[in-house]
Amino acid sequence: KLDSVIASAKSWTPKEIDFTGPLPEMALVDLDGKTHTISDFKGKNVLLTFWATWCPHCKAELPQLGELRNEVEEEDLAIVAVSVINERNTEAAIRSYIQGQTSINYPVVAAKAEDLPSPLNQVEFLPCSFFINPKGEVKLVTEGLVPKSDMKSILRAR
């Protein structure tokens, strides 16, 4: 059960968000120029992780996402890492950081905060992950470093 996973969390906490229902249709363009839409993800779990180049916990979490990508088929789970562009986290810095990172085997998006719809524009703490169920509904939002074992438990939990 999801409550059990949350109760056992050590390095992250659940985040309350002001949002219900399925995510609105939107397009996220990754650094390779490929567009990913919410409708592309229908029928599968989705993990959207928000991170920044200056965040040490984010840098620790990104390789675990790569391990998760290797363990869970793409038809069952979509993983997208979103990095919000600002003065401290420029698109150039994002590109530079991921270049040569062999553990990043999933799409990386650099987006402006104002281009993200609710609830994705409610991120206040990094890393922040949105776990979305196959119906497109937000299952859980976490703040802090989520270990791969917890990611798997959240994805399995009801």
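**Reading the labels on a predicted chain**

Mentor: This is a predicted model.

Trainee: What box do the C-alpha atoms fill?

Mentor: Roughly 40 × 30 × 30 Å, taken along the principal axes.

Trainee: What makes up the secondary structure?

Mentor: Four helices and eight strands. Along the sequence the pattern reads α-β-β-β-β-α-β-α-β-β-β-α.

Trainee: How much of the chain counts as buried, and what share of the surface belongs to carbon and sulfur atoms?

Mentor: Of the 158 residues, 48% count as buried. The accessible surface comes to about 8,200 Å², and 48% of that surface belongs to carbon and sulfur atoms.

Trainee: Among contacts between residues at least 6 apart in sequence, what share joins residues at least 24 apart?

Mentor: That share is 72%.

Trainee: Why is threonine 142 called buried?

Mentor: Buried means under 20% relative accessible area. Threonine 142 has 0% relative accessibility, so the label applies. Threonine 142 sits in strand S8, residues 138–144.

Trainee: Which residues are in contact with threonine 142, leaving aside neighbours within four places in sequence?

Mentor: Trp12, Thr13, Pro14 and Lys15 are among them. The list also includes Pro127, Cys128, Ser129, Phe131 and Ile154.

Trainee: Lys15 is in that list. What makes its pairing with glutamate 124 a salt bridge?

Mentor: The cut-off is 4 Å between a side-chain nitrogen of Lys or Arg and a carboxyl oxygen of Asp or Glu. The side chains of glutamate 124 and lysine 15 meet at 3.6 Å, N to O. The pair links distant parts of the chain, 109 residues apart. Glutamate 124 is in the loop between strands S6 and S7, and lysine 15 is in the loop between strands S1 and S2.

Trainee: Are glutamate 124 and lysine 15 buried or exposed?

Mentor: Exposed means over 50%. Glutamate 124 has a relative accessible area of 70%, so glutamate 124 is exposed. Lysine 15 has 14% relative accessibility, so lysine 15 counts as buried.

Trainee: How many salt bridges are there by this rule?

Mentor: The count comes to six.

Trainee: How do you know that glutamate 71 and lysine 148 form a salt bridge?

Mentor: Their side chains meet at 2.6 Å, N to O, and the cut-off is 4 Å.

Trainee: Where do glutamate 71 and lysine 148 lie, and which residues join them in a network of salt bridges?

Mentor: Glutamate 71 is in helix H2, residues 56–71, and lysine 148 is in helix H4, residues 148–156. They are 77 residues apart. The network links Glu67, Glu71, Lys148 and Lys152.

Trainee: Why do glutamate 71 and lysine 148 get their accessibility labels?

Mentor: Glutamate 71 has 40% relative accessibility, so glutamate 71 counts as partly exposed. Lysine 148 has a relative accessible area of 18%, so lysine 148 is buried. The buried label needs a value under 20%.

Trainee: What makes arginine 95 and glutamate 91 a salt bridge?

Mentor: Their closest N and O atoms are 3.1 Å apart. The cut-off is 4 Å.

Trainee: Why are arginine 95 and glutamate 91 separated by about one helical turn?

Mentor: Because they are four residues apart in helix H3, residues 91–98. Arginine 95 has 38% relative accessibility, so arginine 95 counts as partly exposed. Glutamate 91 has 33%, so glutamate 91 counts as partly exposed too.

Conventions:
Residues numbered from 1 in each chain as written. Predicted model: local features only at pLDDT ≥ 70, side-chain atom pairs only at ≥ 80, totals over all residues. Heavy atoms only, no water. Helix = DSSP H or I, 4+ residues; strand = E, 2+ residues; numbered from the N terminus. Buried < 20%, exposed > 50% of the residue type's maximum accessible area, 1.4 Å probe, protein only. Contact = heavy atoms within 4.5 Å. Areas by Shrake-Rupley, 256 points an atom, 1.4 Å probe, with all protein chains shown as cover.
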